Amino acid sequence: MILVVAEHANGRLSKSTAEMVAAATTLKREGPIAALVLGSGVNAIANEAAQMVEQVLVADRPELAEYDAELWAAAVCQIASEGGAHTVLISGSRGGREFSPRVAVKLGAALLEDVIQLRHNEEATTAERYTYLSRVTEKIETKSPVVVITVKPGAFPAAAPTGKSAEQFDVDLELPARRIQVTGRLKEKGTRISLSEADAVVSGGRGVGNSEGFTKLVEGLADQLGAAVGATRALVDAGWRPYSEQVGQTGKTVQPKAYIALGISGAVQHLSGMNKSQYIVAINKDPDAPIFKIADCGVVGDVGQIVPALIEELKKT
Amino acid sequence: MRILIVLRQVLDAEETVRVKNGVVDLESSKLVMDAMDEYGVEQAIRLREGGAAEEVVVLAIGSERVQDALRTALAMGADRAIHVVSAEMLDPLAVSKVVAQTAQEEKIELILTGGQQADWDSHALGPATAERLGWPQATWTSALEIQNGVAIGKHDGDEGSESFRVSLPLVVTTQQGLNEPRYPTVPNIMKARKKELRQETLDRYQVAPTIRVLSAEIQVKTRMRKIIDGKDASSAAAQLVEFLRNEARVIA
Ligand SMILES: Cc1cc2nc3c(=O)[nH]c(=O)nc-3n(C[C@H](O)[C@H](O)[C@H](O)COP(=O)(O)OP(=O)(O)OC[C@H]3O[C@@H](n4cnc5c(N)ncnc54)[C@H](O)[C@@H]3O)c2cc1C
Ligand SMILES: Nc1ncnc2c1ncn2[C@@H]1O[C@H](COP(=O)(O)O)[C@@H](O)[C@H]1O
């Protein structure tokens, strides 16, 4: 059995779940593809998952209302062992990447992190992944009989619904006690389209001048394009923008059709979060800014002049 | 209370990555302590300075070269260092076994390591170590204090940040914002030379890597690198619209 740990947020199945199902399919291995849904009040989510896989395992328990790495690892390990899963797929989100190593240790399995491509032949599972701040693509192999894999969001095309509704099974779990006590939550929910799902991303760096400049130039252009908004760490550190908008090594990784960088120098830590974008556009007043090396279209100029002109030009169309 | 920090030595961010015969070649490149681990060293020293910890131990696994990172940490203020000598490339799950055993031998109550390693772009070391020890974990931590054996802090998740409380022992992975790492001063670099740096051999830990790297490739997407002079803003804007419409196709 291939076990896909369904990811969901705000009562809906995340796109990453359909992507993991697609990744599971590329392995072409024996046994059913099963989805495991963990949570509280997850009926609708389980029904959604049933459209995609051959079996749905549901643990609907009040203790699982909020995610916790140790609870999730214990639940996944138990279900994977009972079902004799040879492969466990987990989303390459923050949460997935922090509980998956615990699952791998518990199962005595190998861990393939953040994969963008997967194959299985005879005894080996091979995968591709980005390393060295997304500058290198490595092919890795494991011969471990049990493999835990985290799947990079956006790397696989989402699996289409099967047109059937798979059988659902309620599962019993022995859960450990929660040890981390959460004393406060600061949810950063934007009103815009999310960075990981947008076709176009407009990002700003220190070159936008100040927080008002960001609103006028970056958000102004994003509004015209229906794009998501991103920022460099310099702006997050300065408190101009929330961390949820940070693109790069320690922020989000994006892969839109068009990435538009305004007043961004192009430090490797920033590039690692956006260098797989299909097209990169940069506006920077310094002709030697490193961002131009990876730009498809660059304008050497002042964002304060170019961007308002661009917004005007877009309004005309 | 004794703190252990696991250090990784990685390619300096300014350096170009080189691949030779299908593997990343670091032989002639400048290596530095992973910036994410510097946050850990700094935080541990602050906890000791504030009286919450008695001793700060740093650990690195790798060739002789990792001693540079250990010496840097000692110069920042760590008390002693352990170097587990290994010539082979170990995957994070294998490394976590060395870390967990060291934590037990050294009677550690708090382990700090980078939220993500800049070489393998991996997040696994902290959580895998926590699981081996049966400890809880706080990942991507941007604030941390210790009061009477309880860790109080803030960390980042998928939907924003959370404040937390948890009793020690604990594994913490670091995140930007935790602190501003100090630079080692010259007198402290001199002092660090006299601090204990113990070597251990890998065979003590019975690690067996489960992953093999088959090949590495630098895939740089060919970029069009069309450069527009922005002196005439409206002409540049028109050319940009044309690009977004006909090349990138993100506008109708
Ligand atoms: C461990 C670690 C992790 C990191 N993680 C990240 C990360 O996730 N994301 C990230 O972004 N960074 C990250 N960084 C920081 C990174 O190294 C850079 O410092 C940062 O990306 C720089 O941001 P910037 O481009 O906005 O600023 P700068 O480098 O200061 O660049 C500003 C640019 O704006 C241009 N400019 C100025 N005025 C104008 C104008 N009027 N018109 C047009 N252009 C103008 C300048 O020519 C310059 O190129 C990390 C660093 C470390 C050490
Ligand atoms: N497509 C790219 N993605 C990420 N980094 C890049 C890319 N192209 C160049 N770089 C980096 O930019 C710097 C200068 O590259 P070069 O122009 O090849 O000398 C090096 O650190 C490269 O690693």
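**Aromatic rings and charges over rings**

Tyr67(A) is partly exposed, with a relative accessible area of 30% (buried means under 20%, exposed over 50% and partly exposed in between, with a 1.4 Å probe and protein chains only). The model is predicted: local features need pLDDT of at least 70, side-chain atom pairs count only at pLDDT 80 or more, and totals for chains, interfaces and linings use all residues. Residues are numbered from 1 along each chain as its sequence is written, chains are lettered from A and ligands numbered from 1 in the order in which they are written, and side-chain values use heavy atoms, without hydrogens and water.

Rings of Phe, Tyr and Trp (its six-membered ring) pair if their centres lie within 6.5 Å; planes under 30 degrees apart count as stacked, over 60 as edge-to-face and the rest as tilted. By this rule there are three aromatic pairs over all chains. In one, the ring centres of Tyr67(A) and Trp72(A) are 5.3 Å apart and the planes meet at 70°, so the pair is edge-to-face. Trp72(A) is buried, at 9% relative accessibility.

Tyr67(A) also forms a tilted pair with Phe99(A), at 6.1 Å centre to centre and 50° between the planes. Phe99(A) is buried, with a relative accessible area of 4%. Together, Tyr67(A), Trp72(A) and Phe99(A) form one aromatic cluster.

A charge sits over a ring if NZ of Lys or CZ of Arg is within 6 Å of the ring centre and within 35 degrees of the ring normal. The charged end of Lys276(A) sits over the ring of Tyr130(A), 4.2 Å from its centre. In chain B, the charged end of Arg204(B) sits over the ring of Tyr205(B), 5.1 Å from its centre.
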